[in-house]
Amino acid sequence: MTEEIREENINNEEFIFIVRCGEVALKGMNKPYFERMLLDRIKKLLKKFDGVRAYRHEGLIYVRAEKSPEGMTLDKAEQLARKQAILKEIGKVFGVASISPAMECASTMEDIGRTAVAYMMEAIEERGVKTFKVEAKRADKNFPVKSPDIGRQIGAAVLKGCKVLKVDVHKPDVKLFVDVRHDKSYVYQDKIPGFGGLPLGTNGKGMSLLSGGIDSPVSTWMMAKRGMMIEAVHFHSFPYTSQRAQEKVEQLASLVATYCGRFRMHVINLLPIQEQIVQNCPEEETTILVRRFMMRIAEELAKANGCNMLITGENLGQVASQTAEALVVTDASVSLPVMRPLIGMDKTDIMDLAQEIGTYEKSIEPYEDCCTVFLPKHPATKPKLDRILHSESKLDCEGLIKAAIESEEIVEIRPA
């Protein structure tokens with residue numbers, strides 16, 4: 001059966017991936033800018049692979065990867081592993097709606113038919129496929145055969161070339177897509193979902209308050225998904241918190257960086273501020289006062305590093321410092337807008353997303369958090385701003401913030 005298939009017009013030397021844009025396609029006159037940013041990001045992430053190129057053509061992005069790059073001889077299993085690694089890397093790029101590994105051929109019915117048969121023969125061999133359905137579309141409206149007829153004719157060619165297959169229009173094992181374009185046509189099965197969002201670097205820069213818990217890495221990831229570049233600040237209370245706790249946060253940050261690229265993390269010792277609060281202010285106000293100092297320090301760092309806003313992992317009502325009243329008092333300490341992408345999410349949804357992006361297992365490892373140092377037995381859940389301001393008047397706020405920033409350590413975070 002396979003001897004009947006002539007493969008001279010089928011590209012068997014490269015893996016071909018069709019990459020579709022999500023919201024980028026809705027950007028009107030700004031669409032070319034967003035597409036360029038998306039393509040640049042894809043190219044940057046694929047630099048680690050030899051023999052790979054990416055380009056834009058007719059509203060889509062194509063990635064081509066040599067199955068065996070020059071100087072390498074890969075067997076079929078190694079080629080498949082290479083294909084999956086490239087696919088996984090493309091899938092991390094924000095702005096990608098879906099990806100389809102495809103086979104390419106000339107735009108004639110004969111070549112499309114041969115390619116579809118070759119594709120389905122491979123599906124039968126690898127996955128034991130028994131039923132299929134063809135869906136066709138003409139991006140090239142000058143192509144002489146209309147989409148419904150393309151589907152019928154290619155379906156007939158597959159039935160003739162792969163005699164073990166049957167058509168099932170309701171629940172096929174394989175939905176075979178045929179995309180006819182001016183110069184080339186493509187045959188593929190999967191539309192693998194990407195994360196969507198907007199290309200990194202198209203929506204400003206934010207300063208994320210990053211801890212070792214579940215929430216803040218997810219919130220950072222969510223803002224990066226909206227096209228925002230990331231800078232981060234992490235607070236510790238050494239020696240009450242350990243070096244291992246900081247290392248955990250750095251590892252979490254590296255996991256986030258696999259999506260948003262390398263960034264800087266400012267590490268601040270909060271202990272001197274906490275000690276002054278404990279010595280001079282009411283115990284029940286400790287949590288909210290510490291939080292306000294953290295926000296002020298983050299704001300100073302944000303302004304010094306070109307950030308437009310602050311990002312936190314706060315979730316309404318989750319802990320004492322995250323009640324509606326506490327958040328209002330916290331926001332009153334800064335002038336920059338505060339982004340809280342998790343504010344209305346259920347904890348289970350946040351945990352599910354953390355698992356999906358790969359931060360959950362690291363987040364649940366035990367560690368010491370500066371927020372639990374000097375934690376009051378009965379924290380104020382409905383703080384009043386005038387009382388908080390009165391308590392802060394007993395402290396040298398500017399001096400404490402300045403000293404904290406001057407003692408900062410900067411850690412360069414690279415993708416894991």
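Student: What makes helix α8 a helix that lies across strands, and which strands are they?
Tutor: This is a predicted model. In it, helix α8, residues 286–304, lies across β10, β11, β12, β13 and β14. Its direction is at about 150° to β10. Helix α5, residues 215–225, lies across β10, β11, β13 and β14, at about 135° to β13.

Student: In what order do the strands of the open sheet stand?
Tutor: The order is β14-β13-β10-β11-β12-β15, six strands with mixed pairing. β14 and β15 are at the edges because each has a single partner strand. One side of each is therefore left without a neighbour in the sheet.

Student: How do you know that β11 and β12 pair?
Tutor: Pairing needs at least two bridges. Strands β11 (residues 229–236) and β12 (residues 263–269) have five bridges, so they count as paired. The sense is parallel. His236 stands opposite Asn269 in β12.

Student: Why is the contact of Glu35 and Arg56 called a salt bridge?
Tutor: The cut-off is 4 Å between a side-chain nitrogen of Lys or Arg and a carboxyl oxygen of Asp or Glu. Here N to O is 2.9 Å, so the pair qualifies. Glu35 lies in helix α1 and Arg56 in strand β2, so the pair ties together parts that are 21 residues apart in sequence.

Student: Why is Glu35 called buried?
Tutor: Buried means under 20% relative accessible area. Glu35 has 9%, so it is buried. Arg56 has 34%, so it falls in the range between 20% and 50% and is partly exposed.

Student: What makes Glu314 and Arg340 a link between distant parts of the chain?
Tutor: Their side chains meet in a salt bridge at 2.4 Å, N to O. Glu314 is in the loop between β13 and α9, and Arg340 in the loop between β14 and α10, 26 residues apart. Both residues are buried. Salt bridges with shared partners join Arg291, Glu314, Asp331 and Arg340 into one network.

Student: How many salt bridges does the rule give?
Tutor: The count is 23.

Student: Which residues make the nonpolar surface patch, and why can Val169 belong to a patch?
Tutor: Leu159, Val167 and Val169 make the patch, about 230 Å². A patch residue needs over 30% relative accessible area. Val169 has 47%, so it passes that cut-off, and it counts as partly exposed. Val169 lies in the loop between β6 and β7.

Technical notes
Residues numbered from 1 in each chain as written. Predicted model: local features only at pLDDT ≥ 70, side-chain atom pairs only at ≥ 80, totals over all residues. Heavy atoms only, no water. Helix = DSSP H or I, 4+ residues; strand = E, 2+ residues; numbered from the N terminus. Contact = heavy atoms within 4.5 Å. Axes fitted to C-alpha atoms, helices over the stretch in contact; angles between N-to-C directions. Patch = residues over 30% accessible without salt bridge, like charges linked within 9 Å, V, L, I, M, F, W, Y side chains within 5 Å. Areas by Shrake-Rupley, 256 points an atom, 1.4 Å probe, with all protein chains shown as cover. Buried < 20%, exposed > 50% of the residue type's maximum accessible area, 1.4 Å probe, protein only.
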